[in-house]
Amino acid sequence: MATQPTFNLLPLTSARLVLRRLGDVDAPAVAAYRNDPEVARYQSWERCSLPEARALINEYKHQPFGAPGDWLQAAVALRATNEIVGDIAMTLLKHDPRQAKVGFTIARQHQRHGYAHEILTVLFDHFFNTLGLHRICADCDPRNHASWGLMESLGMRREAHHMQSLWFKGNWADEYIYAILREEWRR
């Protein structure tokens, strides 16, 4: 059986940021922002202990990118200090590795500085222009105005509003589905 190619994706840099592998030194910051109820509000987790943050980092710090369906969690860090400000999750879709899915989390004290937009722009450029991907998608809770506003500012379009499609933290939740095609990104 042929193995799937993997890509040497990281690090990617922007003017202020680096998208890099998670490292052991990041554990306290990861635990801190994942324990913030406002950051966790629309995420799959409720809280994150320091041992859980270390386990998350151990799972992803050597994970290759490119095996369809396998997620990679990467750190978003300030270039000047290497301080982690959040993370991005990414995968090539299992049913079609010409498409990617992304998710993002930014620590509350680092929100509203344009960091997610800046690093996702670099990532999308890499996905479309270097890896030649066809489509990138993401989803969010419709109540998460900052998330869908960010996706729209990146040129992503809302493709669907799934009503009560996700059992989430003890309730049915809606989902917005966003996507952008390579030719849309290049425009």
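**Gln 164, at 52% relative accessibility, counts as exposed.** The model shown here and in the following views is predicted. Gln 164 belongs to strand E7. Although Gln 164 is not a glycine, its phi is positive, at about 45 degrees. Most residues other than glycine have a negative phi, and most peptide bonds are trans. The relative accessibility of Gln 164 is over 50%, and the residue is therefore classed as exposed.

**Asn 82 sits in the loop between E3 and E4.** Asn 82 has a relative accessibility of 39% and counts as partly exposed. This value lies between the limits of 20% and 50%, so the residue is neither buried nor exposed.

**A cis peptide bond joins Leu 10 and Pro 11.** The omega angle of this bond is about 5 degrees. Pro 11 lies in the segment before E1. Strand E1 itself covers residues 12-13.

**Eight strands form an open sheet with mixed pairing.** Strands of a sheet pair through backbone hydrogen bonds, either parallel or antiparallel. What is the order of the strands across this sheet? The order is E1-E2-E3-E4-E5-E6-E8-E7. Strands E1 and E7 are the edge strands, and each of them pairs on one side only. In the sheet order, E4 stands between E3 and E5.

**Strand E4 pairs with E3 in the antiparallel sense.** Strand E3 comprises residues 72-78, and six bridges join it to E4. Two pairs of residues may be picked out in this view. Gln 73 stands opposite Ala 89 of E4, while Val 76 has Gly 86 of E4 as its bridge partner. Is strand E4, residues 84-93, mostly covered or mostly open, and how many of its residues are buried? The strand is mostly covered, with 10 of its 10 residues buried.

**Strand E4 also pairs with E5, again in the antiparallel sense.** Strand E5 comprises residues 96-106, and eight bridges link E4 and E5. One of the bridge pairs is that of Thr 91 with Lys 101 in E5. The two strands are connected by a hairpin of two residues.

**Tyr 33 is a buried residue of helix H1.** Helix H1 spans residues 27-34. Tyr 33 has a relative accessible area of 3%, which is under 20%, so the residue is classed as buried. The C-alpha atom of Tyr 33 is 8.7 Å from that of Val 85, although 52 residues separate the two along the chain.

**The largest pocket holds about 1200 Å³ of space.** Rolling a probe the size of a water molecule over the atoms shows where empty space is left. How many residues line the largest pocket? The lining has 43 residues, and Gln 43, Phe 104, Thr 105, Asn 144 and Ser 147 lie nearest the centre. By class, 19 of the lining residues are nonpolar, 13 are polar and 11 are charged. Strand E5 gives the largest share of the lining, six residues. At least two residues each come from several elements, including helix H4 (115-130), strand E6 (135-140), helix H5 (145-153) and strand E8 (171-181).

**Cys 48 and Cys 137 are both buried.** Cys 48 has a relative accessible area of 7%. A disulfide is a covalent bond between the sulfur atoms of two cysteines. The count of disulfides in this model is zero. Cys 137 is in no disulfide, and the nearest cysteine sulfur, that of Cys 140, is 12 Å away. Why is Cys 137 classed as buried? Its relative accessibility is 10%, which is under the 20% limit, and therefore the residue counts as buried.

**The protein chain has an average pLDDT of 95.** Of the residues, 97% score at least 70. Where is confidence lowest, and where is it highest? The lowest mean is 94, in H2, and the highest is 98, in E6.

Methods: Residues numbered from 1 in each chain as written. Predicted model: local features only at pLDDT ≥ 70, side-chain atom pairs only at ≥ 80, totals over all residues. Heavy atoms only, no water. Buried < 20%, exposed > 50% of the residue type's maximum accessible area, 1.4 Å probe, protein only. Helix = DSSP H or I, 4+ residues; strand = E, 2+ residues; numbered from the N terminus. Pairing = 2+ DSSP bridges. 1 Å grid on protein atoms, 1.4 Å probe; cavity = no way out; pocket = protein on both sides within 12 Å on 5 of 7 lines; lining within 4 Å. Points joined across faces, edges and corners; volume = space filled by probe spheres on them. Nonpolar A, V, L, I, M, F, W, Y, C, P; charged D, E, K, R; others polar. Disulfide = S-S within 2.5 Å. pLDDT = per-residue confidence, 0-100.
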